[in-house]
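Subject: Structure handover

Hello,

Here is the structure I promised to pass on. My notes follow below it.

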Amino acid sequence: MKIAFRAGASALALSMAAGLATAQDITIEDADWWSEAGTKFDGVTLRGVTESTPPSNFVSDVLAPKFEELTGIRVDVETTSWDQMYDKAIKDMEAGTGIYDMVYIEQDIVYAYLARDFLVNITEALEEHPELKAPNYEEANFTSFADNFRGAEDGDLYGLPMEAFIKIYLYRKDLFEDPEIQAAFKEETGHDLKPATTHEEYSEIARFFTAYGEENDMDLWGTTAQAHTGHPASWYEYFESVAPTYGVYDWGINPDENYAASVENGGEMNSDAAKEALTWWLSMRDLAPPESVQSTWTEVATTFAAGRVAQGLVYGENAAWIAADDTKSRVVGNVGVALPPLEDGVMEAAESGEGYIGYYDGGAFGLPTTSKNQDAALLFLQFMALPEVQEEWAMASRITLTSTYDAPKVKELDEELGGYYSMLRDQGYLFKGAPEYPFHRQVLEATAPTFYSILTGDTGVDEGLDEMARIAEEELTTLGYRQ
Amino acid sequence: MHSNRLGWWLLAPTLLVLFLFGAVPFFYVVWLSFHQWNPFAVNPEIIYTGADNFRRLVFDSGFLASLGVTVAFVVFAVLTELIVGYLLATAFMKDFPGKAIFRTIHTLPLIMAPIIVGSIWKLMTTPSIGIIPHLLDEWIGYDLNIGQSALAAFTVTVIMDVWHWTPLVTLTLIAALVSLPADPFEQAQIDGAGKRQIFWHITLPMIAPAVVATVFIRLMDALRTVDEVLMLTGGGPGSATRYLGVHIFKEVFPKTNYGYGSAISVIVLYLTIVVCWLLYVGMLAPRTKK
């Protein structure tokens, strides 16, 4: 869903990479091997379903023809809306009709699919059929993001990542490095103007720039806020990007305590830290541009690119075009990248693996157990994960292979992006995807109305989070996860 | 006898298609509404729960709130469309310069997909970049923010619906007005009836079937509004525009709560039939009896 809604903003980014790349632009090593491997599947047509986003269009328009050219295996990729994609995929896998040989899996739904045994164990399948393993495909080459698609017990891969990015703290270098602004900030706060490392510092900068914009009659505010009052984007920003920076992880739900959400039962959804985090975030929302209450990830990126904010939390997939494409962005060359601001102890927890500091998002392609062409589909999945293919996608801020970091194009862009790729490589382990819950959307949708009510001010933070914890537990009881 | 059998054979393909794509899904939804089914529950099987889903509906504050705002939305939207549609229809009955162009332009919203309508209105109403907040601020100093104000969001969804669907009402009423005989109007004028009297006692009764049919169509459409509102407000701010269609969408698709979502759908269908029946009884049945 998130990716679907972000499609608009990332369209440009992908056009930089995917749109301009053609089947002819991609040179596949070991072409003879692919040709040989395809001979066994004469007349086979693979069918995939995915959401209609630029990366998926890249798969259907560029990779599928290239794969067919090499192997003779035809690939039909059905691109549709997010809800239709999941509806079709789930019903196909549920009913066992075997229509689809590949399904797109966003990071946050993979656990639901794994719980239902919908997906083929790709690691095991390639071990059992070594003749199908492509020479240039290495499972070990995947970044830590691939761990999101591994089985909890066997550690094997059930989906091959096609895109991955982190949600980062972007700031305007031109504003932060302006001597006059630095002096004004110092005079007002007594501190040097530099990217915030704590929430207090972040608030101080946000307050300063919002006031600065007003005083100087500029369209400038102190921070972004993905605070839509009727869209899950706001729920995600709070639970996946803000609450973790206060040490509230996995949405405040504790799987070890019978999936408790309330403090009373062992959860943290309505803990003091959670309430402090939400109060802080709402105070930032009030310093953000007026469109923030209607902003999803797409609008946050465009707000930043329009030069309307001094700093903000932005999905990394947008970093490339915000920083480098002057046809869409007014802040080209002026974008700095940093880690999100944190409370004391959160970084230590993340470094030790006990916590995390932000959101690591992305998606993969999986092979349904109901597919009738599993062997041929294994070939195409590996094809998409080849280093030479992934280099093209990296140009749009998406990296899933460690080898991609060494590509000359990526290194060049890394400098323009203020070191985003380096951060992804070196500090990506501090970020984490959605929690390993098979009930992701169910809990979100059950609690979201109350969350929106908090955003509109109809419900207080304390009262609202208490209510959300109660509703989450009620929903989990209905679904049978809480006994 | 022979021709009767042939008639049924000729009708068979149509009846089969209607049965497969109309009756089967309908009865499936009704059947599902008596079950609990969420593929992502611990037990993903379809479990018979009797009338539990319907019992739960009665106490579901989310559903009741959604029902409330939907009724308000339908009343304001359909009534406005009817009034504006009638005024435009009577205007189009007269000749004026540029009538053909204006009528064509006025019909354009009808051919737009609801999701596009939602996108356009989102673009026009987004604070800072939208033309509508900009003009309202410049002209009357009103700060329109549909992400913040429940009343503003509700009003904009009604206006959007009116903008999108009034042309349908206009076209239907033009067709009705054109087909009216001239005699009763001439006689009324000779008898000295005023414009208001002619409208209430001649025009309205004579076009009542067309009005009721139009109201039926718009009522049913308005009750199941999803795309436009989902795109414009997402059902917010809070639950201010979470109309029944949006509510059902969120229950069925993201929550995969198929059983409960089906129960809501059945109730909405029932309510639609009841409201349409009341309208029919109230406006047309007395005339039929006479």
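Which residues of chain B does UniProt list for "transmembrane region"? The unreviewed entry gives 7-31, 63-88, 100-121, 151-178, 198-220 and 258-280. UniProt positions here follow the numbering used in this email, feature names are shortened, and annotations may be inferred rather than shown by experiment.

Before the rest, the ground rules. This is a predicted model, in which local features need pLDDT of at least 70, side-chain atom pairs count only at pLDDT 80 or more, and totals for chains, interfaces and linings use all residues. Residues are numbered from 1 along each chain as its sequence is written, while chains are lettered from A and ligands numbered from 1 in the order in which they are written.

**Chain B**

Chain B has 13 helices and two strands. Both are DSSP runs numbered from the N terminus: helices are H or I with at least four residues, strands are E with at least two. The C-alpha trace spans about 75 × 75 × 35 Å along its principal axes. Of the 290 residues of chain B, 34% are buried. Buried means 20 or more other C-beta atoms within 10 Å of the residue's own; exposed means 12 or fewer; partly exposed is in between; C-beta atoms are placed from the backbone.

The unreviewed UniProt entry also carries "domain: ABC transmembrane type-1" over residues 63-279 of chain B. That stretch is 76% helix and 0% strand, and its end C-alpha atoms are 24 Å apart. Residues 198-220 are 100% helix and 0% strand, with end C-alpha atoms 30 Å apart. Residues 258-280 are also 100% helix and 0% strand, with 33 Å between the end C-alpha atoms.

Look at helix 11 of chain B. Eight of its nine residues are buried, so helix 11 is largely enclosed by the rest of the structure. The buried ones are B:Leu244, B:Gly245, B:Val246, B:His247, B:Ile248, B:Phe249, B:Lys250 and B:Glu251. Their cover includes helix 19 (440-456) of chain A. From chain B, it includes helix 3 (61-92), helix 9 (195-223), helix 10 and helix 12 (258-283).

The loop between helix 10 (227-232) and helix 11 (244-252) of chain B holds B:Pro237. A cis peptide bond joins B:Gly236 to B:Pro237, with omega about 0°.

**Chain A**

Chain A has 20 helices and eight strands. Its radius of gyration is 23 Å, close to the 23 Å that the globule rule gives for 483 residues, so chain A is as compact as a globular protein of that length. The radius is taken over C-alpha atoms, and the rule is 2.2 Å times the number of residues to the power 0.38. Of the 483 residues, 57% count as buried.

An automatic or database assignment sets the domain bounds. Chain A divides into domain 1 (29-164 + 361-420) and domain 2 (166-352). Their C-alpha centres lie 32 Å apart. The contact between them takes 11 residues from domain 1 and 12 residues from domain 2. Contact means C-beta atoms, placed from the backbone, within 7 Å.

Two residues other than glycine have positive phi. A:Asp117 has phi near 55° and lies in the loop between helix 5 (110-115) and helix 6 (122-128). A:Asp117 counts as exposed, with 11 C-beta neighbours inside 10 Å. A:Tyr259 has phi near 55° and lies in the loop between helix 10 (232-242) and helix 11 (272-285). A:Tyr259 is buried, with 23 other C-beta atoms within 10 Å.

**Cores and interface**

A nonpolar core is a set of buried Ala, Val, Leu, Ile, Met, Phe, Trp, Tyr and Cys residues joined through C-beta atoms within 7 Å. The largest has 162 residues, of which A:Ala319, A:Phe380, A:Leu381, A:Met384 and A:Ala472 touch the most other members. Strand 4 (residues 160-172) of chain A gives the largest share, nine residues. Another core, of 45 residues, lies apart from it and includes B:Trp121, B:Ala152, B:Val169 and B:Leu244.

Finally, the chains meet through 28 residues from chain B and 28 residues from chain A.

Best wishes

Methods. Contact = placed C-beta atoms within 7 Å.
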